[in-house]
Amino acid sequence: MADWEVAPSPSQTKAVEAVPHAVDPQRVAEHGGAVMRLVDEIFPLVEGFYVDLHKNPELSNQEHRTAGAVAEWLTRAGFDVETGVGGTGVVGVLRNGEGPTVLLRGDMDALPVQERTGLPYASTARGRDDDGQDVPIMHACGHDAHTACLVGTADLLAEARDEWHGTLMVVAQPGEETLDGATAMLRDGLYTRFGRPDVVLAQHLGPQPAGMVAHRAGTIMAATTNLRVRVFGSGGHAARPENTVDPVLIAANIVNRLQTIVAREISPSEMAVVTVGVLRAGTKANVIPEEAYLEIDTRALNPAVADRLHSAIDRIVRAEAAASGAQRDPEISVARETGVTANEPEATAEVVAAHRAYFGDDRVVELPEPTTGSEDFSAFGLPGDPAPVPYVYWFLGSTPHDVWEAAPGETPYEKLMGVPATHSPFFAPDRESTLRAGLAAMSLGALTYLGTPGAPAGAATGGQASMSAGPGPGEAAGPVRPDEPAPAPAVAGPAESGFPGAVAPEGDAAAPAPDYPPPVPPTAVYPGEPAPAAAEGEEEQGEPTAYTDMDPYLDDDENAAPDYGPPPSGAPMAPPPQGPPIAAPPPQGPPVAAPPPPPGAVPYSTEGAPEPGGHPVGNAPSGGYPANGYPSGGYPAEGRPPGGYPAEDHPQGGHPVGGHPAEGPPPVAYPGDGQPPGAYPGGHPSGGYPADPYGRPLPDPRFSDPRYPGPEQPDAQQPVQYGGPEQQDDHDRSGDNGQEPPQGPTYRL
């Protein structure tokens, strides 16, 4: 057990095994109804908070502004609040008598994505990632909605504390996208400082229709590992690859070979994904670099499959490097990883029953199979611990209903492929339907476990004190709660309705999996997997509209503080901190500019063209080639000006139809017939380049031409080039003469 984990007491463990904890969904719905009656009062504040977060996103582990807004909201709602937990994490604790401890988690970080939703509150924020690169930032994964629903639920339950008893722990987590935030908070004493919870609940936006809630008992999300790979070669000139070991070729072979792992080394019955998401190498086209860099992402639902993927990746990377003659072994490291997210089946059944009692069967569905996405939320369950903490994680539909109806396909799964999902620059949740459903789903989930007045107390919190983040201003520290028996959840049957259009799995869901031979054991049947039945189509819902006038939140003036209105209870309620969105620093250094032309050079012109509109003898037309890539008049029929290309204009004295002369370019120009005496017989090398007495080719005649200095003349003046004002390498003359060099920064390791 890690030093930051807290074990339950023996008395609690015994109580959990002996005392059943039956959840009455109707009771939960009734008390939830009392809480939900407050939604209309608090919704404008939650909606404004969401819009503010969406306009001002922050990257992973940089969520300072967001964390400050969360802390202020929780403090005014009556929670004991601690900030800076695990970096920028926030913990709020509200003690409300004896009872279980329920942890509600929301994540705060955004993604380096350029928003393209066209929303009036779309993000224009920019920031710097871990590599120091300036990047756009967008809440493309719905964490702004998660955080808004988190603080809204905390406020609702604080206002309705006469409907429940126990301890509510609210956790705003940083760094979910980097898969390190949950572990960072645990290592910073989340459970040792604030108490070990009896259940952990969380939700995440999904592409289902807005207002729907999607559950799955057992495994709901995949394990993932991000690997960083660096392969080493021996750099040199692109014209002499025989003197190098090309890491680009090694990397390319690795990318291709990795795709055979899933196809040929993993059973077709298993889910596995291998993706190369990053590949960088080199700085210039005619330079073979010293090394190449890759980042590889793997997904699996079976730990044995995940191990097999990693072993195969290691073997392939090292073998490809050795096969290419690399003198240095590759470097392979794990950047980040997380295990599968597997909901506790009994706890999931209880939350599903409570959600169905409130939302109705047609709005609560069960997923027939896990998603290949990944989360670090499972760390809060202490996987591998002798007494893990049960958790329930569900998806909250967010796709506007008009978008869903317009999506191609007949079945829900076909439509899911056609709507913008998370991590898309077009991801735009239906604001009102999503937030209202999120407030209700999380509040009802908490009330499923928090005790109610007149009912027996729920489970105790891990056999130790429910430690707050510290007393609030002017308050004394709360008393330490004694140990008390902890009832265990009763096994509840799975809900009956599946996701519309789903096909029920064959056979008993609890049947053991077939015994496949090693080295990859089969994935066990997912615990508590339901056998969903096909349901009717979605209940039609009108076009969602904002509950409140959003003009104050959509003002173009970024510095204007929105009017959040009075708090619902009459007590002061602080709006989130205001301020302009994060702005990128100004670009550093001078702009990229072309070198000046050499002395005596003249601007491009169209004079000297062999035919009207044709190619000039000297350079490309000043206006550039048309879209089809040729001068409007085309080249003359014989393929060159009648007199041939003059030596002073063509880079190599003009290539005649018959080839290059054996002794180099003629002093003036090729004769009109295009074939000087002494040229290659037959047009190519078989009798061409002159040789020294030992049979070796003599140096390229261009290197002795003062107009084309070789490596031993680096400072010599360059001639006027065809490709534009940029100087070009003297060996690379085969590209399009009218093409501008690529702009933007080069890839660097």
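Is Glu 414 buried, partly exposed or exposed? I looked up its accessibility in this predicted model. Glu 414 has a relative accessible area of 40%, so I noted it as partly exposed. The cut-offs are under 20% for buried and over 50% for exposed.

**Entry: around Glu 414**

I placed Glu 414 in helix α12, residues 412-416. Then I listed its contacts, skipping neighbours within four places in sequence. Pro 408 and Gly 409 are what I found.

**Entry: the whole chain**

I stepped back to the chain as a whole. I read 14 helices and 20 strands in its secondary structure. The chain has 749 residues, and 49% of them count as buried. I also looked at how far apart in sequence the contacts reach. Taking contacts with a separation of 6 or more, I found that 78% join residues 24 or more positions apart.

**Entry: α5 against α13**

Two packed helices are described by the angle between their axes and the distance between the axes. I took both values for helix α5, residues 143-159, and helix α13, residues 431-447. The axes come within 9 Å and cross at roughly 50 degrees. I noted the crossing of α5 and α13 as right-handed.

Which residues make the contact between α5 and α13? On α5 I listed Ala 145, Ala 148, Cys 149, Leu 150, Gly 152, Thr 153, Leu 156 and Leu 157. On α13 I listed Leu 435, Gly 438, Leu 439, Met 442, Ser 443, Ala 446 and Leu 447. I sorted the contact by class and got 11 nonpolar residues, 4 polar and no charged ones.

**Entry: α4 against α5**

Next I turned to helix α4, residues 64-76, and its packing with α5. Their axes come within 10 Å and cross at roughly 10 degrees. That angle makes α4 roughly parallel to α5, so I wrote it down as such. The α4 and α5 crossing is right-handed.

From α4, I found Thr 66, Val 70, Trp 73 and Leu 74 in the contact. They meet Thr 147, Val 151, Ala 154 and Asp 155 of α5. By class I noted 5 nonpolar, 2 polar and 1 charged in the contact of α4 with α5.

**Entry: aromatic pairs**

A pair of aromatic rings is described by the distance of the centres and the angle of the planes. How many aromatic pairs did I get? The count comes to 7 aromatic pairs. I looked up Tyr 358 and Phe 359, an edge-to-face pair. Their centres are 5.2 Å apart, with 85 degrees between the planes. I checked the accessibility of each partner. Tyr 358 is partly exposed at 34% relative accessibility, whereas Phe 359 is buried at 18%.

I then took the pair Phe 377 and Tyr 393, which is tilted. I read 5.3 Å centre to centre and 35 degrees between the planes. The pair links distant parts of the chain, 16 residues apart. Phe 377 sits in the loop between β18 (364-366) and β19 (391-399), and Tyr 393 in strand β19. Both Phe 377 and Tyr 393 are buried. I also found the two in one aromatic cluster, together with Phe 380, Tyr 391 and Phe 395.

**Entry: Leu 279**

I placed Leu 279 in strand β13, residues 272-281. Leu 279 counts as partly exposed, at 45% relative accessibility. I set aside its neighbours within four places in sequence and read its contacts: Ala 251, Val 255, Tyr 293 and Leu 294. For Tyr 293 I also took the C-alpha to C-alpha distance to Leu 279, which is 5.7 Å. These two are 14 residues apart in sequence.

**Entry: positive phi**

Most residues other than glycine have a negative phi. I looked up two residues with a positive value, Asn 61 and His 423.

I read phi near 65 degrees for Asn 61. I found Asn 61 in the loop between α3 (39-55) and α4. Its relative accessible area is 33%, so I logged Asn 61 as partly exposed.

I read phi near 75 degrees for His 423. His 423 lies in the loop between α12 and α13. Its relative accessible area is 43%, so His 423 also went down as partly exposed.

Definitions and conventions. Residues are numbered from 1 along each chain as its sequence is written. This is a predicted model: local features need pLDDT of at least 70, side-chain atom pairs count only at pLDDT 80 or more; totals for chains, interfaces and linings use all residues. Side-chain values use heavy atoms; hydrogens and water are left out. Axes are lines fitted to C-alpha atoms, for helices over the stretch in contact, and angles run from 0 to 180 degrees between N-to-C directions. Helices (H or I, at least four residues) and strands (E, at least two) are DSSP runs, numbered from the N terminus. A crossing is left-handed if the near helix is turned anticlockwise from the far one by less than a right angle, and right-handed if clockwise. Contact means heavy atoms within 4.5 Å. Ala, Val, Leu, Ile, Met, Phe, Trp, Tyr, Cys and Pro count as nonpolar, Asp, Glu, Lys and Arg as charged, and the others, Gly among them, as polar. Rings of Phe, Tyr and Trp (its six-membered ring) pair if their centres lie within 6.5 Å; planes under 30 degrees apart count as stacked, over 60 as edge-to-face and the rest as tilted. Buried means under 20% relative accessible area, exposed over 50%, partly exposed in between (1.4 Å probe, protein chains only). Angles under 35 degrees count as roughly parallel, over 145 as roughly antiparallel, 65 to 115 as roughly perpendicular and the rest as oblique.
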